[in-house]
Amino acid sequence: MNNDVTKAAPPCSSKTQRILESADFYDAWEVRAAEPMLTPLEQFLRVASKTPKWVDSLMVLRNKVVSPFGLKDLGKLSSISPNKSSRDYVAGDRVGIFTLIEQSENEVLLGDEDEHLKVVLSLYQTPLRDKQTQVTMTTVVHVKNMLGHLYMLPVKPAHHVIAKSMTKLIGKN
């Protein structure tokens with residue numbers, strides 16, 4: 001099984017398609033899932049719980065740097081409730097640093113919004129032969145003002161590294 005992470009286009013059937021045209025930034029990465037039977041939300045919970053320490057350290061740094069400018073402290077990406085089952089989450093619930101927007105059999109949409117940015121994260125699953133599953137992680141950002149544009153300057157290159165790293169975890173046992 002090939003578990004290489006590759007840059008991808010957002011899936012044509014993804015609900016992110018409806019917001020891509022007006023996006024200020026988006027990217028997508030795909031990989032074959034190490035655990036193909038998990039739901040998209042379960043894939044996210046599994047990966048977030050395995051967030052590398054360097055990613056959480058960057059989140060702590062981000063929170064300290066942006067708080068004086070009115071951006072909220074998101075916490076750490078790994079801040080997932082270990083006692084909450086994926087079946088217990090409903091739209092509007094916090095899932096780590098994100099809010100659950102909606103979920104279906106093949107996609108979960110998570111997001112965060114403030115006066116500067118609107119971020120949507122999609123994990124979209126495509127069934128493959130031999131009971132394999134390809135997961136595409138797409139991030140879509142809409143910038144609302146100048147502070148949001150300034151914030152995105154250092155975040156864009158860091159995001160590519162973090163998103164690729166987190167997608168890679170989906171492909172690892």
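Tutor: Start with Val31, whose bridge partner in strand E7 is Val135. This is a predicted model, where local features need pLDDT of at least 70, side-chain atom pairs count only at pLDDT 80 or more, and totals for chains, interfaces and linings use all residues. Residues are numbered from 1 along each chain as its sequence is written, and side-chain values use heavy atoms, with hydrogens and water left out.

Student: What makes E2 and E7 a pair?

Tutor: Two strands pair if DSSP finds at least two bridges between them. E2 (residues 25-32) and E7 (residues 133-143) have eight bridges, in the antiparallel sense. Strands here are DSSP runs of E, at least two residues, and helices are runs of H or I, at least four, numbered from the N terminus.

Student: How do you know that E1 pairs with E2?

Tutor: Two bridges join strand E1 (residues 6-7) to E2, and the strands run antiparallel. Lys7 has Trp29 of E2 as its bridge partner.

Student: Why is H2 called roughly perpendicular to H4?

Tutor: Axes are lines fitted to C-alpha atoms, for helices over the stretch in contact, and angles run from 0 to 180 degrees between N-to-C directions. Helix H2 (residues 40-49) and helix H4 (residues 146-170) pack at about 110°, with axes 9 Å apart. Under 35 degrees counts as roughly parallel, over 145 as roughly antiparallel, 65 to 115 as roughly perpendicular, and the rest as oblique. So H2 is roughly perpendicular to H4.

Student: Which residues make the contact of H2 with H4?

Tutor: Gln43, Arg46, Val47 and Ala48 of H2 meet Met166, Leu169 and Ile170 of H4. Contact means heavy atoms within 4.5 Å.

Student: What is the angle between H3 and H4, and what is it called?

Tutor: The axes of helix H3 (residues 53-66) and H4 cross at roughly 165° and come within 12 Å. H3 and H4 are therefore roughly antiparallel. The contact uses Trp54, Val55, Leu58, Arg62 and Val66 of H3, with Tyr151, Val161, Ile162 and Ser165 of H4.

Student: How many aromatic pairs does a search of the whole structure find?

Tutor: One. Phe44 and Phe98 lie 5.9 Å centre to centre, with 70° between the planes. Rings of Phe, Tyr and Trp (its six-membered ring) pair if their centres lie within 6.5 Å; planes under 30 degrees apart count as stacked, over 60 as edge-to-face and the rest as tilted. The Phe44 and Phe98 pair is edge-to-face.

Student: Where do Phe44 and Phe98 sit?

Tutor: Phe44 is in helix H2 and Phe98 in strand E4 (residues 98-103), 54 residues apart. The pair links distant parts of the chain.
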